[in-house]
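Subject: Structure for your files

Hello,

Here is the structure I said I would pass on. My notes on what was found in it follow below.

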Amino acid sequence: MGNKGIKSSRRKFVKKTAAIAGTLVASSLIEPFKLLVYATEEPKDEGPWWGVGIDISKCIGCGLCAKSCKIENNVPEDPFFFRSWVEQYTVYNDGTVKVVSPNGGIDGFNQEEDKENIFKTFFVPKMCNQCAKSPCTQVCPVGATFETPEGITLVDSEHCIGCSYCVQACPYGCRYIHPESIVADKCTLCYHRLTKGIAPACMEVCPTGARIYGNLRDPESELVKYMKNNSYQVLKPNLNTGSKLYYNALSAEVI
Amino acid sequence: MPEQLKRLFPLFAIFIIIFLIIRHLLIPDTFGLYGHYRGDALKDNANIELVYASKEACIECHSDIREMLEMDEHSDISCLSCHGPGLEHVENPETANIEKPGSREFCGRCHAINPARSTNMIIQVDIKEHHAEKKDCIDCHNPHQVWEIKE
C-alpha cells in the first residue's frame with residue numbers, strides 16, 4: 001500500500017513539474033512577454049543609424065559646443081548639469097594627470113602659458129555615447145528610457161519617475177536629474193533637429209569641424225568616411241556598451 | 001481538494017482579473033510600438049522647439065556676408081558660432097536680437113594661447129599683450145575679413 005502511494009505521488013510530481021515547465025516555455029513564446037526582452041542588437045530595419053565622431057586633434061577647446069547645448073536644450077545654468085561638456089587633460093613630465101573642466105567649458109578655457117612641466121595636453125569634448133547596448137536603458141524600471149530605431153537613447157520625460165538608477169548606470173556620467181522637472185535628462189543628439197534634417201546645435205557651432213555626426217549605414221556619410229580615414233577608439237571599450245561615439249587621437253589617459 | 005482551497009480560487013481569479021484591468025488602463029496606447037517604451041515619446045522628443053537656427057537660414061538674407069567670407073579664414077565657421085542662437089532674429093530680423101561679439105575674451109575662446117591647441121589648427125594670440133592700446137579685437141579686425149585691418 002505504502003509502496004504504491006510513493007509511486008503514485010512521484011508520478012503526480014513529475015506530471016505537475018512537466019506541466020509547469022511546459023506552461024512557462026509556452027508563455028515565453030507569447031508576443032506580450034517578448035517585450036520584456038531588451039533588444040541588444042542593432043535593429044534590422046531601414047533608415048538611419050546615427051553615430052558621432054569627435055576628432056581630439058582638431059578640438060581647440062572653445063567650448064561653444066557646451067554653450068550652445070545649454071541654450072538649445074534648456075539645460076540649467078548651474079555648473080553641474082551638462083549634456084555636453086569639454087575637459088582639458090594635462091599630462092605632466094612626472095606622469096601626473098590633471099583634468100579640468102571650468103564650468104564645463106561653456107565659458108572657454110583660460111589663457112595658459114606655462115609649457116615647461118607639461119608632457120602633453122589636449123581637450124576632450126564629452127557627451128552621450130549613444131550606446132547600442134546602453135547600460136542606462138536596461139536599468140530603467142518603468143520603460144521611460146530607451147534606444148530609438150535610429151540608435152539614439154532618449155528619455156520619456158512624461159513617464160520618468162526620477163529614480164536616477166540610469167544616472168548611476170551610465171559609465172560616462174552623461175545623465176543628470178533636471179532640477180525643475182525632476183526627471184532624468186541627457187543628450188538627445190538634438191533629436192528635434194535631426195528629425196528635421198538640421199545638424200545638432202553642438203555640431204552646427206563647432207568652428208573646426210572636430211565634431212561630426214552621420215548615418216553609420218550609409219557608406220557615403222561623413223562619419224563613415226571619418227572612420228575609414230582615422231584610427232578611432234571608443235571610451236571604456238572593456239564595458240561592451242556598444243558606444244557609437246568614435247574619438248580620433250584618443251590618448252590612454254582619458255577615462 | 002480541501003474546502004478552503006476551493007473557496008480561495010474565485011478570490012484569486014478576481015484579484016488577477018482586477019490586476020489585468022488596472023494594468024490595461026495604466027499602459028499607454030503606444031507602449032510597445034517600437035520596443036519596451038511609449039512610442040509617442042519619439043514624437044514628444046521630436047516636437048521640442050528649436051532655439052538655434054542654421055547657417056542656411058542666415059545666408060537667405062545675408063548672401064553679401066557669405067560672399068565676403070568665402071575668401072576668409074573664417075569661411076568654414078557657422079554664423080551661429082559667434083552670433084548666437086539666432087532663431088529669434090530669423091523670425092523677426094532686428095539688430096537688437098542678434099549677438100555681435102568681438103571682445104578679447106570672446107575671440108580668445110579660440111585664439112588665446114593654450115598649449116592644448118594645435119598650432120596647425122588655429123592662430124594663437126596673447127590676448128592680454130597683443131596691441132594692448134586697443135580695447136577689442138574688432139577695433140582692428142573685421143571678423144568676416146580678418147586680414148583687412150581697420151585703421
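The side chain of A:T121 comes within 2.9 Å of the backbone oxygen of A:Y89, which is a polar contact (a pair of N or O atoms within 3.5 Å; within protein, one must be able to donate a hydrogen and the other to accept it, and residues adjacent in sequence count only if both atoms are side-chain atoms). A second polar contact, of 3.1 Å, links the side chain of A:T121 to that of A:Q88. A:T121 sits in strand β4 (residues 118–127) of chain A; helices (H or I, at least four residues) and strands (E, at least two) are DSSP runs, numbered from the N terminus. With a relative accessibility of 11%, A:T121 counts as buried (under 20% relative accessible area; exposed is over 50%, partly exposed in between, with a 1.4 Å probe and protein chains only). Its contacts (heavy atoms within 4.5 Å), leaving aside neighbours within four places in sequence, are A:Q88, A:Y89, A:T90, B:P115 and B:A116.

Before the rest, some bookkeeping. This is a predicted model, in which local features need pLDDT of at least 70 and side-chain atom pairs count only at pLDDT 80 or more, while totals for chains, interfaces and linings use all residues. Residues are numbered from 1 along each chain as its sequence is written, chains are lettered from A and ligands numbered from 1 in the order in which they are written, and side-chain values use heavy atoms, with hydrogens and water left out.

Between the chains

How many residues does each chain bring to the contact? Chain A brings 54 residues and chain B brings 42. The area buried between them is about 3900 Å², and carbon and sulfur atoms give 59% of that; buried area is the accessible area (1.4 Å probe) that two parts lose on being put together, summed over both. Of the area that chain B buries against chain A, 19% comes from B:H36, B:Y52 and B:R109, more than from any other three residues.

B:N45 belongs to helix α2 (residues 40–46) of chain B. The residue is buried, at 9% relative accessible area. A polar atom of its side chain lies 3.2 Å from the backbone oxygen of A:V155. Not counting residues up to four places away in sequence, B:N45 touches A:L154, A:V155, A:T188, A:Y191 and A:H192.

Helix α7 (residues 104–111) of chain B has B:R104, B:F106, B:G108, B:R109 and B:C110 as its buried residues. These pack against α3 of chain A and against α5 (79–83) of chain B.

Single residues

A:K70 is part of helix α3 (residues 64–72) of chain A. Is this lysine buried or exposed? A:K70 counts as buried, at 8% relative accessibility. A polar atom of the A:K70 side chain lies 2.9 Å from the backbone oxygen of A:P76 and one lies 3.0 Å from the backbone oxygen of A:D78. Residues that A:K70 touches, apart from those up to four places away in sequence, include A:V75, A:E77, A:F81, A:F82 and A:I106.

A:Q168, in helix α5 (residues 165–169) of chain A, is exposed, with a relative accessible area of 66%. Its C-alpha atom is 9.6 Å from that of A:P135, which is 33 residues away along the chain.

Cavities

There are 4 cavities of 30 Å³ or more. On a 1 Å grid over the protein atoms alone, a cavity is a set of points where a 1.4 Å probe fits but cannot get out, and lining residues have an atom within 4 Å of a point. Grid points are joined across faces, edges and corners, and a volume is the space filled by probe spheres set on the points. The largest cavity has a volume of about 90 Å³. Its lining has 17 residues, with A:C140, A:T145, A:C160, A:C166 and A:A184 nearest the centre. The lining divides into 13 nonpolar, 3 polar and 1 charged (Ala, Val, Leu, Ile, Met, Phe, Trp, Tyr, Cys and Pro count as nonpolar, Asp, Glu, Lys and Arg as charged, and the others, Gly among them, as polar).

Regards

How values were computed:
On a 1 Å grid over the protein atoms alone, a cavity is a set of points where a 1.4 Å probe fits but cannot get out, and a pocket is an open set with protein on both sides within 12 Å along at least five of seven lines; lining residues have an atom within 4 Å of a point.
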